[in-house]
Amino acid sequence: MNPPHEPQSLFPRDDRLGLLTDLYELTMAAGYHAHGLDRRRATFELWVRRLPACRNYLIAAGLEQAVNYLLNLSFSSEQITYLREHPAFRSVPSDWFDRLAQFRFEGDVWAVPEGTAVFAGEPLLRVTAALDQAQVVETYLITTLAFQTMVASKAARTATAARGRPVFDFGSRRAHGPQAGLLAARAAYLGGCVGASNAEAGRLFGVPTTGTQAHSWVMAFGDEAEAFRKFGEVFPGVATLLIDTYDTVRGARRALASGAAMQAVRLDSGDLVSLSKQVREVLDAGGRRDVKIIASGDLNEYKVRDLLAAGAPIDVFGVGTELVTSRDEPTLAMVYKLVEQETDAGWAGRIKLAEGKKSYPCAKQVYRRTGPDGMFAADRVARDGEPCDGDALLAPVMRQGKLIAPLPPLEESRTRCRRQLDRLPKELLDLGRAPAYPVHYSEGLEAALRSLACSP
């Protein structure tokens, strides 16, 4: 029988991040050390292989948490002991474990700023560091950037579909764990939501937070009107009343008759087109044109679009499950690959030729060209330093393991996202599949690929 133990938190401290990676990253790091390759510098790049079928663009997000990880990466003594005792490391030279005790990320990082519209095949992030350092960070970087980019992109589509009406993230309770809910709230706000239900997102990130009331509040009182009135007494300036516990239209009438302080009513079920119109009539007839209607309940960008197209008088949308899980496209084909490596003969490009997974060698930059109308026209991926027209997207973030300059605040990244969307070709903002935005590879990259493909 296992000995009893105290319940353990799964929220890691910043000084306990070393093992938040796949085991094979560590076995490779140990192998590099055994063969004297660990201190050789290498460049890895992170990108999305292909856009999801229902996405015309992505919004880059998650860089701040990625940088925090790189700044704090280390191994605790307990983690090193765990690895010493792991059977996979039985034949590893003992001095590798000593090296882990001093392990820190000391490399350089270039990245696309958060809030930037990006496309398949474009590096979002580039890492140049000692080979073992650049290898170990792969898992954390992918999961952090992929998740937030996925949610921010979904939020941007939903906000666009809402046509200027506020959208709130209501998804924390449906996220794949409390950490995911917190990061989703941040990404959703960056992508265009006006706030979130997650209270910790407000404290940590400054995301505006909001809440209405639950069905349990209404059920806890003997009378629906009394429940509304009591809630308004405690929260007179921010009361949103949930009126669909029993009968939605009757609930609207009872809310009016109760005299409860209220700024909005919320509909969470049923035919939202019909019910919102009936509730609007009740409120207007009662002299409460000022009361807004909030709709929630398994909404997504398609349902928001269809509700507004049907003339539903909905003022605010609360989107939960569909947003924080990106249910229609719940993953991104994000990869992190070695593209060049320091050798005895100098730097050498590295490629992958597997069918459907081809990669280009060499450190890269992405250049965005703008048309005469100020709209984005095309991108070109080129070798770093190769002359190219357009604005460079990748900017230096870290040098020798240190942050070069403070990262932009979340509000600035959110503003960047909005301005980027304003400059995308209009067809890319459609919810349906649009012709692909032009992304080309430079002749310098094509030549480097051809050269290596002939003698891999």
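In the predicted model, strand β8 pairs with strand β9 (residues 264–267) in the parallel sense, over three bridges. Within this pairing, L241 lies opposite V265 of β9. Both strands belong to an open sheet of six strands, arranged in the order β7-β6-β11-β10-β9-β8 with parallel pairing. Because β7 (195–196) and β8 (240–242) each have a single partner strand, they form the edges of the sheet, and one side of each is left without a neighbour there.

Strand β8 is also among the elements that pack against helix α10, whose buried residues additionally pack against α9 (215–220) and α11 (248–258). In α10 (residues 224–234), the buried positions are E224, A225, A227, F228, F231 and G232. These residues cover an arc of only 160° around the axis and therefore lie on the same side of α10. The exposed residues E233 and V234 are carried by the face of α10 turned away from its buried side. At the N-terminal end, α10 is capped by D223, a side-chain oxygen of which lies 3.0 Å from the backbone nitrogen of A225.

Leaving aside neighbours within four places in sequence, L145 is in contact with L46, A61, G62, L63, L125 and M334.

Key: Residues are numbered from 1 along each chain as its sequence is written. This is a predicted model: local features need pLDDT of at least 70, side-chain atom pairs count only at pLDDT 80 or more; totals for chains, interfaces and linings use all residues. Side-chain values use heavy atoms; hydrogens and water are left out. Two strands pair if DSSP finds at least two bridges between them. Helices (H or I, at least four residues) and strands (E, at least two) are DSSP runs, numbered from the N terminus. Buried means under 20% relative accessible area, exposed over 50%, partly exposed in between (1.4 Å probe, protein chains only). The arc is that of the directions from the helix axis to the C-beta atoms. Contact means heavy atoms within 4.5 Å. A polar contact is a pair of N or O atoms within 3.5 Å; within protein, one must be able to donate a hydrogen and the other to accept it, and residues adjacent in sequence count only if both atoms are side-chain atoms.
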